[in-house]
Every structure is written in C-alpha cells, then in structure tokens.
Amino acid sequence: MEISRNAYPYQTLAIFIDYHNFEASLRDEGLQVDLLPLREYLAGGRQLLETFVFVGFNPNNAHEDGQLHRFLRVNGFLVRTKLAKVRPDGSLKCDLDIEMALSVVDYVTRNRLDTVLLVTGDGDFSPLASWLRMRGVRVEVASLERSMSHELKESANGYIDLREAIEEIEAGRGELIREEVRTYGNGNY
C-alpha cells in the first residue's frame, strides 16, 4: 500500500505496542489487522525511528510464540518479551506495563522525539502520557473506542480509533492517519 507524504514529514515518531492489550481488544471486536501495514499507516509519513512490541512468551506454546517473535523481528520491530505465568485455570498472566513505560522513558531520554504513539487502551499509561507531555513530547494513543481508558484518552494529545485505521487499510485508500488524529486541549501542532 502506498502512502502519500504527510504534512509533517520531519516529525520524529516512535511507536510502542502493548501487544496483548492490542490483540485482546481486536479479538473482542472480531477484528484482525496485519501489523506491517498498520505500522506504516500509524506512522503517516512521519520519520518513524523505531517500533517496539511488548509481548509475552507462553511457556506452553513456545514454538508458536517464537514464530510470532521472529516474524516481528525480521520485519523491523524491536521485540521485548517476558515469560508469562500460567494460572491454575490455564490462562496466562504477563504484565509488561512497567517494562513498556521504562522503555518509553529511556528511549525518549536518549533520543529527541516529537511524538510517542502508544498502541494500547490501558489506563495505567495515563501518568506516562502526562509525564511525556510535560517534557514537550506529543502523545498519541491508538486503540478501539470500547477498549480505550477515558483517563488515557484525556491524558494524550490525540487519539486514533483503530477500527477506522483498519477500515482505511482494508479499503486500500492509503489516506494518512495524521489527518484523522483527534486533538484535545493544547494538543495542536
């Protein structure tokens, strides 16, 4: 899919994906999306410096998880993993919120970024969004409306509805998300 140039081609961007939050919200809505065109769509013509994916590692499904992790790495994602804990009912618990927040802080501190895009609806990231904004970094969040924490949405400069993004990607229109980001308060460019 070809994406036309953005009005902000020199704006630097890093994307941080809370994979399990992202995947669960899509699954709950019966949606799927390929991360490769989604990454390009979310970048929207800006200078994408890095895309981090925070994803658990299922000890009972190491082969399949390993394939996912390899696929992501081969396609340029910086993958951060953590061994998940298996609950008595067989479900998994793998919180990567702290690891993701620390990585955001570290990356922003080491690299001059204009924008951080958090692909999550988890309200636990609201303080991080506020911290970033206090340091002059624009914060965008991408999630499905039903999965988006009200606090996180209000803490960010802009919100991207993943349902709209997926529809755009599927339609192949190649329109830029930059024009679709809803801004709040002082979040204007």
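Which residues point one way from strand 1, and which the other way? Thr12, Ala14, Phe16 and Asp18 point one way, Leu13, Ile15 and Ile17 point the other way, and all are buried, where buried means under 20% relative accessible area, exposed over 50% and partly exposed in between (1.4 Å probe, protein chains only). The model is predicted, with local features requiring pLDDT of at least 70, side-chain atom pairs counting only at pLDDT 80 or more, and totals for chains, interfaces and linings using all residues. Residues are numbered from 1 along each chain as its sequence is written, and side-chain values use heavy atoms, with hydrogens and water left out.

The protein chain has 7 helices and 9 strands; these are DSSP runs numbered from the N terminus, with helices being H or I of at least four residues and strands E of at least two. Of its 189 residues, 47% count as buried. Among contacts between residues at least 6 apart in sequence, 68% join residues at least 24 apart, a contact being heavy atoms within 4.5 Å.

Strand 1 runs parallel to strand 2 (residues 47-57), to which 7 bridges join it; two strands are taken to pair if DSSP finds at least two bridges between them. Within this pairing, Thr12 stands opposite Gln47 and Ile15 stands opposite Thr51. Strand 1 is also joined, by 5 bridges and again in parallel, to strand 6 (residues 115-119), where Val119 is the bridge partner of Ile17. Strand 2 in turn pairs with strand 3 (residues 78-83) in the parallel sense over 6 bridges, and Val55 has Thr81 of strand 3 as its bridge partner.

The largest nonpolar core has 26 residues, of which Ile17, Phe22, Leu35, Leu38, Leu42, Leu117 and Val119 touch the most other members. A nonpolar core is a set of buried Ala, Val, Leu, Ile, Met, Phe, Trp, Tyr and Cys residues joined through side-chain atoms within 4.5 Å. Two or more residues are contributed by each of strand 1, helix 1 (19-28), helix 2, strand 2, strand 6 and helix 7. Helix 2 supplies the largest share, 5 residues. Apart from this core lies another, of 25 residues, among them Phe54, Met100, Met148 and Leu152. Leu35, one of the residues named for the largest core, is in contact with Ile17, Tyr19, Phe22, Leu72 and Phe77 when neighbours within four places in sequence are left aside.

Two further residues were examined individually. Arg39 is located in helix 2 and is buried, with a relative accessible area of 14%. Not counting residues up to four places away in sequence, Arg39 touches Ile15, Leu48, Thr51, Asn75, Gly76 and Phe77. Ala142 belongs to strand 7 (residues 138-143) and counts as buried at 1% relative accessibility. With residues up to four places away in sequence again excluded, Ala142 touches Leu42, Leu117, Leu118, Val119, Thr120, Ile160 and Leu162. The C-alpha atoms of Ala142 and Lys153 are 9.2 Å apart, with a separation of 11 residues in sequence.

Two helix pairs are described by their axes, which are lines fitted to C-alpha atoms over the stretch in contact, with angles running from 0 to 180 degrees between N-to-C directions. Helix 2 (residues 35-43) and helix 7 (residues 162-171) pack at about 110°, with axes 10 Å apart. These two helices are therefore roughly perpendicular to each other; angles under 35 degrees count as roughly parallel, over 145 as roughly antiparallel, 65 to 115 as roughly perpendicular and the rest as oblique. Pro37, Leu38 and Tyr41 of helix 2 meet Leu162, Glu164, Ala165, Glu168 and Ile169 of helix 7. This contact comprises 6 nonpolar, no polar and 2 charged residues, where Ala, Val, Leu, Ile, Met, Phe, Trp, Tyr, Cys and Pro count as nonpolar, Asp, Glu, Lys and Arg as charged, and the others, Gly among them, as polar.

In the second pair, the axes of helix 4 (residues 97-110) and helix 5 (residues 126-134) come within 11 Å and cross at roughly 10°. Helix 4 and helix 5 are therefore roughly parallel to each other. Helix 4 contributes Ala101, Val104, Val105, Val108 and Thr109 to the contact, and helix 5 contributes Leu128, Trp131 and Leu132. By class, these residues divide into 7 nonpolar, 1 polar and no charged.
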